Structure formats: structure tokens, C-alpha cells
Amino acid sequence: MMRHLLGAFFGLVLLSAPVMAQSSPLTGRYDPAIPTAQTALGHEFGAEITPPDRAIAYLHALQAAAPDRVRVVEYATSWEGRTLAYAIIANADTMQRLDAIQADLQRLADPRGLDADARDRLIASTPAVVWLSYGVHGDEISSTDAGLRTAYHLLASRNDAGVDRILDQTIIIIDPVQNPDGRARFLNSFTAARGLRPDENRFTAEHDQPWPGGRVNHYLFDMNRDWFAMTQPETRGRVAAMLDWRPVVVVDAHEMGGDSSYFFAPSAEPFNPNVVQSQRDAQDLIGRNHARWFDRLGYDYFTREVFDAFYPGYGDMWPTLQGAVAMTYEQASARGLVWRRRDASLLSYGDAVEHHYVASLSTAEVVAANRERFVRDFAEFRASAANDTSGPQSVLLDLGSNRWGAERLARSLVAQGIEVGRVDGPVSACGARFADGAFEVRFNQPAGRLARTLLEDTTELPADFMREQESRRARGLGAELYDVTAWSLPLMHNVHAVSCSRSAGLASEAVAADDAIASSGSNDGAAWGYAIAWEDAGQARLVAALVAAGVPARTSDVAFRIGDRTFPRGSVVVPRHGAPANLDSLISRLGSEIGASYVGLDSSWVDEGPNPGSENFMDVPAPRIAMLWDDGTDANSAGPTRYVLEQRYGIPVSVIRAASLGRADLSLFDVLILPEQGRSGYSSVLGSSGSAQLTRFVRAGGVLVGLGDATRWMADPDVALVPARRERAADTARPAAVQDEAVVDAVVLASADELDAVQAEQGAMPAYSPGALLHVEANPDAWMSAGYSGGAAVLVTGSDIYAPISRDEADTAMRFAGPDTLVAGGYMWAESAAQIAFKPFLISNSMGAGQVIAFTQAPTTRAYLEGLDLLLLNAVLLGPAHSRGMR
């Protein structure tokens with residue numbers, strides 16, 4: 001790749017303006033007072049992979065050298081204690097006015113009450129904020145050093161008209177290390193594998209990361225899917241920072257396979273329908289400037305082919321729906337210091353750093369030359385959202401359907417800058433009755449477009465795009481859907497939502513993100529103990545906390561009534577006898593901290609149903625949970641599952657490397673979780689000895705829980721842990737065994753349709769689903785479905801569909817709904833939807849003294865299916881209560 005440029009620095013200014021000559025980004029005069037990479041890091045930019053702590057230290061070194069033009073803000077701390085920080089870079093005059101500018105940006109972000117003249121004055125005087133973010137995937141390494149090089153160039157350049165214009169017209173925010181834990185993990189494995197010289201061969205250890213790889217953070221999350229879920233501290237910090245600064249342009253710089261080139265906007269189809277035309281036009285404007293630079297420098301690139309703008313959880317799409325022009329940039333990765341491509345050319349780390357650096361400066365250049373346009377478009381996006389009268393005007397979230405889930409959802413929305421109001425109940429609105437009140441989210445607010453796409457059941461895919469996808473499938477080609485097609489937060493939180501065609505006009509109180517969830521409970525009338533209704537995951541969290549503190553608890557599969565209060569199946573009683581002396585203060589404190597509810601019981605007498613002394617009540621122990629880990633498991637399943645149990649519900653999880661299962665003492669655990677399978681799969685890692693070990697564990701009273709495609713392995717006839725079988729696609733019978741014959745019978749074809757039928761793959765699995773939300777319904781006689789009398793929504797991906805199971809073999813605790821009500825949100829191929837209707841989602845069967853539980857689709861995907869958390873808690877809390885193992 002070309003490393004130096006002796007020509008002019010060309011920039012695209014206005015659409016109608018001529019190109020202006022400026023100095024090169026690859027050469028120039030630099031202020032010696034600004035620390036170089038060599039002096040501060042010990043190597044030139046791109047010569048080595050900078051560790052995450054050194055990258056942040058370099059930002060501080062720049063601030064020390066130029067405090068009038070750069071400020072470093074530490075915005076989050078990773079799980080492993082590493083600092084995340086961004087640098088604010090602008091000219092000295094702008095830096096002196098930062099607080100006032102930030103206030104003006106907030107006024108433009110919420111233009112309600114601003115008259116046209118006041119808004120025009122703000123647009124004319126407010127710098128454009130350009131947010132450049134790097135390295136959200138820790139093994140996508142080059143962008144971090146590109147961000148540092150960009151910061152250096154902006155601060156050290158002398159007599160550079162282009163840089164001066166950028167610093168005069170914009171505020172540049174550089175976030176160089178979005179995932180320090182993942183970057184450190186990658187760098188550790190890379191450094192351990194280094195030899196005498198960098199090795200360019202793709203299969204060598206330098207490029208072959210051990211499980212789980214550096215892509216993910218400590219809890220093994222792909223944080224480029226976490227923006228609206230905000231499960232991770234790194235994401236929460238970035239969301240808050242962006243809401244503080246309201247950038248008009250956002251870059252999320254990534255890496256892709258080393259044999260590719262460079263991708264920049266315009267994005268690929270489909271575009272989310274809440275993206276406006278001005279944002280698409282701006283992507284084109286910026287992309288054309290990149291093309292001018294890349295052509296000048298001899299860099300290959302492509303646009304519009306792969307990375308779409310549909311799913312709102314990306315680092316480019318969440319800011320887009322807040323009004324920014326946000327884009328993904330993808331650079332071919334050396335995954336080390338040098339990579340030999342398939343065409344035998346070499347890609348160096350320095351090449352990759354340089355390409356991201358040039359694209360970063362090109363972005364800032366376009367915004368500086370078009371500052372007023374970008375600021376005006378941002379303000380107009382927010383204003384038009386606040387005045388939008390098309391389509392549904394609000395959503396009401398029913399507090400009676402899943403109280404704790406609704407409370408958490410409301411606070412999550414507010415944390416993203418979406419206004420939410422609490423409506424006290426009982427109230428009737430939009431054709432529905434809300435006995436316990438509701439949360440109202442109106443769409444005529446500045447963040448209304450983000451609210452729409454997060455709260456509506458389905459964000460519609462363009463009809464012409466989907467016709468083309470169906471056509472591609474008919475021709476045997478893959479669908480061009482990059483991620484899931486459904487993400488409705490009410491569905492994923494299992495909260496009943498009612499869409500209102502117009503504003504309900506209800507009186508409400510604004511919700512704050514840090515509001516405590518109210519608890520209801522009293523120590524009065526608790527002479528015998530307490531009852532905790534099994535109604536939502538908050539209630540289960542309270543039970544988990546109590547049993548962890550040594551409090552005895554019992555659960556029943558049969559509902560019971562005390563006075564006028566009915567406790568549904570799964571509910572737990574906490575007797576005072578045998579409990580710690582501080583039971584009253586303990587349950588009060590925990591209930592208040594969690595936001596859970598409990599009822600004092602004066603006696604163990606019940607008016608209907610079993611008494612706590614009945615055999616229908618079973619002891620709930622504090623579960624000792626293990627989970628398979630490392631090679632054989634999918635990191636994107638193992639990490640979120642551990643996160644949900646540990647961080648959301650305070651239940652510790654011991655992780656056992658799958659390869660070590662054969663020598664592990666499983667008698668120390670009550671529950672063993674099999675996350676989804678990784679590339680090597682359980683068959684190769686566990687083998688027959690592993691399946692025998694798990695069978696012994698279950699027969700001795702253990703609870704085995706399989707998630708998603710772990711069910712495939714558990715259902716294998718050679719493993720036989722669950723009596724389930726995957727189905728082939730309907731109407732694709734297995735072919736006759738004629739493939740080894742030299743001559744086969746002739747076929748006369750009368751039409752192209754008959755040819756298509758012959759050419760279609762026989763015995764194929766169902767078509768792969770990129771991700772849709774489907775309704776599931778509960779079996780009221782199965783203990784594993786406790787708390788789900790109204791059903792739930794499940795994210796379905798992949799092609800696994802399981803045949804119905806005989807009742808005498810296992811309980812189908814939850815099954816997919818019938819075809820008329822099956823699809824809750826998103827898009828699923830018609831033949832797949834027809835085939836999965838009524839089929840099992842959740843299976844449980846007794847084996848010896850223990851229990852086997854299989855989720856045919858993973859309930860912990862990305863930890864954003866909070867409405868399924870209670871099912872997982874049923875498995876790990878109620879599962880041991882239903883086993884007959886000895887402690």
C-alpha cells in the first residue's frame with residue numbers, strides 16, 4: 001500500500017463548491033511540543049499494537065501538552081477495572097466555551113419551545129460535534145491506533161488549513177478504546193505467540209485466537225449489539241456520553257476479514273424506515289469524499305454491499321435514530337502485524353491504521369466544510385420527530401402484565417433519552433383497561449423515532465427488499481439480512497403493550513432512569529412467615545437472595561389462596577421457623593433493594609389449595625450452579641447466560657472448561673448449564689465419556705439445562721439426555737440412496753417448475769431464520785412454565801425445529817403458538833412459520849432423581865430477552881426443588 005503522499009490534500013467542501021487544496025494527512029509539519037507516538041508509546045503509529053492502558057495514557061499526554069485544545073473525560077470502567085475515556089479536541093476559543101456550547105447542543109436536541117429565529121441563531125453559532133469511536137470489538141485492532149494518530153494530527157499540525165477549518169467548525173470527540181478488556185485479551189494471546197519476526201501466515205498462532213477471542217468484553221458480549229439493551233457498563237457509559245454531547249456525525253470503526261479492502265458509507269439496504277433522507281444524503285456526501293481520498297492514495301474500497309442500517313442496536317444505528325449521521329467503517333484486518341492475503345500480497349497493521357486514519361480525517365473535513373448543514377439537519381430530525389402526527393402516537397405499557405419487567409423497561413428507555421410517564425391506575429385508554437396503571441411513551445418527542453423502532457411490534461422491512469430476498473431464496477441464494485428482524489422491547493420484556501392511534505391525553509408523572517422500583521410488603525401479620533407470589537423475575541430474585549442468606553423456602557406447583565389473595569403456582573412461602581433471627585429486617589431490606597413484593601402470613605392455614613406442610617410444597621435450596629465454558633461452547637451464549645444470573649439476579653456461576661468435564665466433581669453442584677455450542681461442538685469436546693458423566697449427574701439428582709443448539713447434542717440418540725428430534729424441512733423427503741450408482745433412472749421434465757423441484761435440496765433442514773419474535777404458550781400442568789400463564793415471546797434464529805414429544809416421555813412446558821398468532825414481531829419465512837407452529841420451545845423430563853431441561857431457542861441471547869429470565873430462574877431455582885438428589 002502507498003505510505004506517503006507528495007500531492008495535495010483534496011477535500012469535498014460543499015456540493016456546489018470547488019475542491020480546495022490543502023496539505024496531506026500523510027505528510028506535514030508538526031509541533032514538537034505535542035508528544036509523538038514514538039516518544040509517548042515507544043513506537044510509530046501502526047508499527048506496534050498499542051495496549052489499551054497506553055492508549056488512554058497517550059490521550060492524557062496530549063492533554064498535558066495542549067490543555068487549551070484537548071480535554072480527556074473518563075466515562076466508564078470496564079468489568080476488569082480498565083478506564084474508558086474520550087478526548088474532546090477543538091480550538092482554544094471553543095474549548096473555553098464548552099459548557100455554553102454543550103447547553104446549546106441540548107437546546108437543539110430538544111427544540112420544543114424554540115422559535116425559528118432562536119433556532120437559526122443556534123445553528124449559525126454552534127460547532128458540529130463529530131464522534132469518532134474505535135475498537136468496540138477488541139480484536140479489531142487497527143482503529144485504536146488510527147484514533148490516536150487522528151488526535152495527534154489535529155493537535156500537532158502546523159499551518160494546515162484543513163486542520164484549522166476542522167478545529168474552527170467542529171468539536172472532535174475521539175473514543176479510542178471502546179472495549180479495553182477484549183483488546184487486552186487479544187494482545188495477550190498475540191504477544192504470547194510472537195516469535196523472531198511477525199508471521200504473515202493466516203493459520204499461525206499469532207492470528208489464531210484462543211477461546212473466547214478478543215472480540216467480546218469480559219462478560220463475552222458483542223457490544224456492537226448492546227446499544228438499546230445497555231447491559232454492559234461500557235455501553236451505558238457511551239450512551240450517557242453521547243446524550244451529553246449530541247453528536248451530529250458518528251463513526252464506528254471496525255475491521256473485517258483480511259482478504260477484503262475497506263468499507264464506508266453509504267450503507268447497504270435495508271435502511272430502517274425511521275432513517276430520514278437527509279441522513280442518507282449526508283452518508284453519500286461523506287462517502288464521496290472518502291472515495292476521492294482513497295482513489296488519490298490508491299486504496300481499494302467498496303460501499304453499499306454488506307453492512308446495512310436496520311437493526312437499532314448497532315453503534316451506528318442507535319445514534320442515527322437519535323438524529324446523527326452515523327456510519328460503520330470496516331477495514332480488512334491483519335489480526336496482528338502482517339497478514340498474507342489469498343492473492344499473496346501483504347497487509348500490514350500500519351496499512352490498516354493508515355486507512356482508518358484517512359477516513360477519520362476525511363469525515364471531519366466534510367463536516368467542517370458543511371457545519372451548518374449537519375447541525376441544521378440534526379435539529380430538524382429532532383424537531384420533526386417531536387411534531388410527528390403520522391402513525392401511532394403513543395404506547396401504553398401495562399403494569400399489570402409484568403410489573404418488575406415494565407418498571408425496568410421504563411427506566412431503560414429513559415436512560416436512552418426517551419421520555420416516559422407513569423400513569424396511575426386504574427385507568428382506561430386506547431380501548432384497554434389498566435387496573436394497576438401503565439407507563440406512557442409518546443412518539444411526538446425529540447427521541448420519538450428511536451422510541452417507535454424500539455416499541456412497535458415490527459419495524460417494517462422495505463417491500464421491494466423482501467421481494468428480492470424471497471426471490472434469492474427461490475434461486476438457492478442466501479438472504480441479505482445481516483442481523484435479526486425483530487427487537488420489540490415490550491415483547492422481549494414480556495410486557496403487554498397497547499398502541500394508541502392518538503395521544504391518550506393521560507395525566508402522568510415523568511420517570512427518571514435512577515428511580516427505585518417500589519416494593520410492597522409489610523412485616524405486620526407475619527407471625528408464621530411470608531409468601532412471595534411467583535409473578536415476575538423480581539420476585540424470583542428476592543427468593544434467590546433469601547435462600548442465599550440461609551432462609552428456608554418452599555415452592556408449590558399448585559396455586560393456593562389465602563383470604564382474597566391467590567398465589568399462582570411456583571409461589572414460595574418462607575416460614576419463620578428455621579430462619580435467621582433477622583428475617584423481618586432482611587426481607588424488608590431485600591424487597592426494597594430489588595423492588596419485589598411479599599405478604600406476611602399469620603398462619604400456615606390456607607383457604608384453598610395445599611398447606612405449606614403438604615407434599616405439594618418442596619424445599620428451594622440455594623442453587624449451586626456450574627456452566628460449561630471454553631472450547632466447545634459459544635462465547636456469545638456462555639457470557640450472557642453467566643451475566644444474567646450473576647449480575648441481574650446475584651446468583652454465582654462456576655464455570656468448568658468443557659474439556660475438563662470428565663474429571664470434574666459434579667456432586668458439588670445442583671445445576672449444570674450447557675450454553676449453545678461453539679465451532680468445535682460438544683461431540684468433539686465431550687465425547688462419550690462426557691455424555692456418560694452428565695447422565696450420572698442427572699440420575700443422581702442434578703438438573704441439566706441446555707440452551708438453544710445444545711439441545712441438538714442432548715437429543716442425539718448416542719447421548720439420549722432429552723427425547724427430542726429435529727425435523728427436516730417439510731416437503732423435502734430424504735432422497736433414495738442412489739448417489740453411488742453409475743447410472744440413475746431418467747426424468748422427463750415438462751416445465752421449469754419441475755426442474756426447480758428436482759434441483760431443490762432434498763432432506764434439507766428448514767430455512768435459516770435471521771431472527772423473528774414468535775409467541776409461545778404455556779402448558780399449565782408443567783412446573784417449568786410457572787409465571788407464564790399469558791405466554792411470552794421468543795427470539796427464533798437458525799433452522800432448528802423439533803418434533804412434538806409424547807407426554808409419557810417429557811413435558812412440553814412451552815410450545816410455539818398456532819399459525820394465526822405465531823409471529824409476534826419481525827419477519828419469518830412462511831414455510832418455516834408454518835412448520836414451527838405448535839412445536840416445542842421448552843422441554844423438561846425426569847431422569848433418575850434429576851431433571852433435564854432443554855430450551856430449543858436460547859433464552860439469554862444478548863441478555864436482552866428479559867421476559868424469558870423467569871424461565872431460566874425456574875430452571876435453576878425450582879429445578880433443584882423438583883429433583884430428588886441428596887445434599
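At 31% relative accessibility, C430 counts as partly exposed. Its value lies between the 20% limit for buried and the 50% limit for exposed. This is a predicted model. A disulfide is a covalent bond between the sulfur atoms of two cysteines. A search of the whole structure finds 1 disulfide.

Where do C430 and C500 lie? C430 lies in the loop between β16 (427-429) and β17 (432-434), while C500 belongs to strand β19 (residues 497-500). The pair therefore ties together parts that are 70 residues apart in sequence. The torsion about the S-S bond of C430 and C500 is about 110°, so this disulfide is right-handed. C500 has a relative accessible area of 1%, so C500 is buried.

Now step back along the chain to helix α14. This helix covers residues 403-415, 13 residues in total. At 1.5 Å a residue, α14 should span 18 Å. Its end C-alpha atoms are 19 Å apart, which agrees. The buried positions are W404, G405, A406, E407, L409, A410, R411, S412, L413 and V414. Just after the helix, G417 takes a positive phi of about 85°.

Setting aside neighbours within four places in sequence, L413 is in contact with L397, I418, V420, V441, L454, L455 and L489. L413 also belongs to the largest nonpolar core, which has 157 residues. Together with F228, W245 and F841, L413 is among those with the most contacts inside that core. Helix α25 (residues 869-882) gives this core its largest share, 9 residues. Apart from it lies another core of 78 residues, including L114, L132, Y262 and A291.

Y262 leads on to a sheet. Y262 stands opposite Q331 in β11. Strand β8 is joined to strand β11 (residues 325-332) by 2 bridges, and the two run antiparallel. In all, 7 strands form an open sheet, in the order β3-β4-β6-β5-β7-β11-β8, with mixed pairing. Which strands sit at the edges? They are β3 (70-77) and β8 (262-263), each of which pairs on one side only.

Next come the charged pairs. Side chains of opposite charge can pair when their charged atoms come close. A search of the whole structure finds 48 salt bridges. One of them joins D483 to R225, with the closest N and O atoms 2.8 Å apart. This pair links distant parts of the chain, 258 residues apart. D483 is in the loop between α16 (463-474) and α17 (489-492), and R225 is in the loop between α8 (180-193) and α9 (233-245). Both D483 and R225 are buried.

D483 has a further partner. Its side chain meets that of R862 in a salt bridge, 3.0 Å from N to O. R862 lies in the loop between β37 (850-855) and α25, so this pair ties D483 to a part of the chain 379 residues apart in sequence. Why does D483 count as buried? Its relative accessibility is 9%, and the limit for buried is under 20%. Salt bridges that share partners join E140, R215, D222, R225, D483 and R862 into one network.

The side chains of E831 and R473 meet at 2.1 Å, N to O. E831 lies in helix α24 (residues 830-836) and R473 in helix α16, so the pair ties together parts 358 residues apart in sequence. E831 counts as partly exposed, at 43% relative accessibility.

The last stop is L590, in helix α19 (residues 583-594). L590 is buried, with a relative accessible area of 10%. Which residues does L590 contact, leaving aside its neighbours within four places in sequence? They are L542, A545 and L546. The C-alpha atoms of L590 and R541 are separated by 9.3 Å, although these residues are 49 residues apart along the chain.

Methods:
Residues are numbered from 1 along each chain as its sequence is written. This is a predicted model: local features need pLDDT of at least 70, side-chain atom pairs count only at pLDDT 80 or more; totals for chains, interfaces and linings use all residues. Side-chain values use heavy atoms; hydrogens and water are left out. Helices (H or I, at least four residues) and strands (E, at least two) are DSSP runs, numbered from the N terminus. The expected span of a helix is 1.5 Å times one less than its number of residues. Buried means under 20% relative accessible area, exposed over 50%, partly exposed in between (1.4 Å probe, protein chains only). A nonpolar core is a set of buried Ala, Val, Leu, Ile, Met, Phe, Trp, Tyr and Cys residues joined through side-chain atoms within 4.5 Å. Contact means heavy atoms within 4.5 Å. A disulfide is a pair of cysteine sulfur atoms within 2.5 Å. A salt bridge is a side-chain nitrogen of Lys or Arg within 4 Å of a carboxyl oxygen of Asp or Glu. Two strands pair if DSSP finds at least two bridges between them.
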